[in-house]
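Me: I have a structure open here and would like to talk through its contacts with you. Could you take my questions one at a time?

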Amino acid sequence: MDDEQRQQDDWASSRKNRLPSFTEVLSRRTRPPVDLFMFYLFLQREGAEDILDFWLDVQQHENLCRAYFKDVRKSGRTIKEDWPQYWDYARRRGSIYGTVVGMNPETKRSTASTNELLSEQDRRNLADVDEKFGGASVSPGTRVASTSPDPYSGARSTSPFGVSGLGRTPTLFTMKRASRAPTIIPRSSAITRLNLIASAERIFYRYLSPAANTVNSTENHEIYLPPSLRIHSFPLTSTQEPKTAAELNLMAQIPDIFHAQKEYCFRAMEQDAFPRFLRSKAFGNLTPVSALVRLIAGLLILWIGLAAGFSLIFLDVQPKSKRFFLFIPFSLAVLFLVSHQYELDPIMVFFGQSETTPFRTLRIREPYVQKLLLGRAIWVTVLVTIFVVALTLLFWAVPGHRL
């Protein structure tokens, strides 16, 4: 446990002077506002959350396959004896489970990189589940319900986000994820090959089948894949055990069936959405809707301030010092307009808050992001002060002239 805690501390200290990587976000090593939950919300605003859902569900499918292979090995049988078709397929084509099935020691790096996408809390939860079901094997990669008292957890027992998952704002987001078919098979009994087929079947019909856009648009969404990675049909069914030689050969492909598509989605998110997410959350703390509201409010208040200022001038209201009260509308107007321009509210930053959805906030906990946002908030405050002082002095200095 001490080694694991030191590893967590090393991860945190290594990010004191840099932004997190995409792998660190997916592995739930980061804190708000650059954690997995905030990245999901960012994709949701762009209507592209399905690609992350697909990645998470395939990750769960692969973890389920690892759990199956470990169950087999714990039973005293070899994978070659238990599933000869998969063994032959993996020897000919290669497999990401080479280390687990005792076939390919050189694939250890690939498996280790996947297992890195687990938080420390996930590993503790897995140990708890293992004890709960009387020592039933659970793979270190299997995602389970979070039992952490963390304020971000607890809304949905089968959240794929683990510790940094759901259970907070917004409610609609929580309901949307909860409405989907579960991707976790209870570990009250050993995992079977039909469970693996059922897992793959759900993923195919939810994300890859062309019918995903028409059958039930609230539950299924076909994601974009290049032609070379598309899977056009799923000939197996989870309702009956494959019997023919062709079906058995097809079933042998189930553990690795979506890995290439998963890697493509990872690269697509890492190269496109993730850099924009970091710019949005590490250099600003407002959502687009909130920034737009500030633009509208700022223009309206500025119009009121200018109207009041010109009225004081052309009515030659005395004493002249009354014009100094114009700093109130000017301050609000300039603050809102500059906040829109930078998508950053300095007052919220000084209170350590960042928006999740419009006008709903959470605390900024990532150290380097705190430092970046604080620096930008100070700059925005200085800029607002200069504009407000300039406008106030300008309207004070102009001599009055009653029309």
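**Salt bridges and core**

Reply: To begin with one residue in this predicted model, Glu46 has a relative accessible area of 40%, so it counts as partly exposed.

Me: OK, and what does Glu46 form a salt bridge with?

Reply: Its partner is Arg276, with the closest N and O atoms 2.3 Å apart. Glu46 sits in the loop between H3 and H4, whereas Arg276 belongs to helix H12 (residues 259–282), so the pair ties together parts that are 230 residues apart in sequence. Arg276 has 24% relative accessibility and therefore also counts as partly exposed.

Me: Which residues are linked with them in a network?

Reply: The network of salt bridges links Glu46, Asp272 and Arg276.

Me: How many salt bridges does the structure hold?

Reply: There are eight salt bridges, and one of them joins Asp345 to Arg294, where the closest N and O atoms are 2.8 Å apart. Asp345 lies in the loop between helix H14 (327–342) and helix H15 (346–350) and Arg294 in helix H13 (residues 288–314), so this pair ties together parts that are 51 residues apart in sequence.

Me: Are Asp345 and Arg294 buried or exposed?

Reply: Both Asp345 and Arg294 are buried.

Me: What about Asp82, which residue does it meet in a salt bridge?

Reply: The side chain of Asp82 meets that of Arg77, at 3.4 Å from N to O. Asp82 is buried because its relative accessible area is 15%, under the 20% cut-off, while Arg77, with a relative accessible area of 40%, is partly exposed.

Me: Switching to Arg206, where is it and what does its side chain contact?

Reply: Arg206 is found in helix H10 (residues 193–208), and it is buried, with a relative accessible area of 6%. Its side chain makes a polar contact of 2.8 Å with the side chain of Asp57.

Me: Now the nonpolar core, which residues touch the most other members?

Reply: In the largest nonpolar core, which has 78 residues, they are Phe39, Phe69 and Phe258. Helix H4 (residues 49–74) gives the most to this core, contributing 12 residues. Leaving aside residues up to four places away in sequence, Phe69 touches Ile79, Trp83, Tyr86, Tyr97, Val100, Val101 and Pro255.

Me: And helix H3, how many of its residues are buried?

Reply: Eight of the 10 residues of helix H3 (residues 36–45) are buried, so this helix is largely enclosed by the rest of the structure. Among them are Phe37, Phe39 and Phe42. After H3 comes Gly47, which has a positive phi, near 70°.

How values were computed:
Residues numbered from 1 in each chain as written. Predicted model: local features only at pLDDT ≥ 70, side-chain atom pairs only at ≥ 80, totals over all residues. Heavy atoms only, no water. Core = buried A, V, L, I, M, F, W, Y, C linked by side-chain atoms within 4.5 Å. Buried < 20%, exposed > 50% of the residue type's maximum accessible area, 1.4 Å probe, protein only. Helix = DSSP H or I, 4+ residues; strand = E, 2+ residues; numbered from the N terminus. Contact = heavy atoms within 4.5 Å. Polar contact = N/O pair within 3.5 Å; in protein donor to acceptor, adjacent residues only side chain to side chain. Salt bridge = Lys/Arg side-chain N within 4 Å of Asp/Glu carboxyl O.
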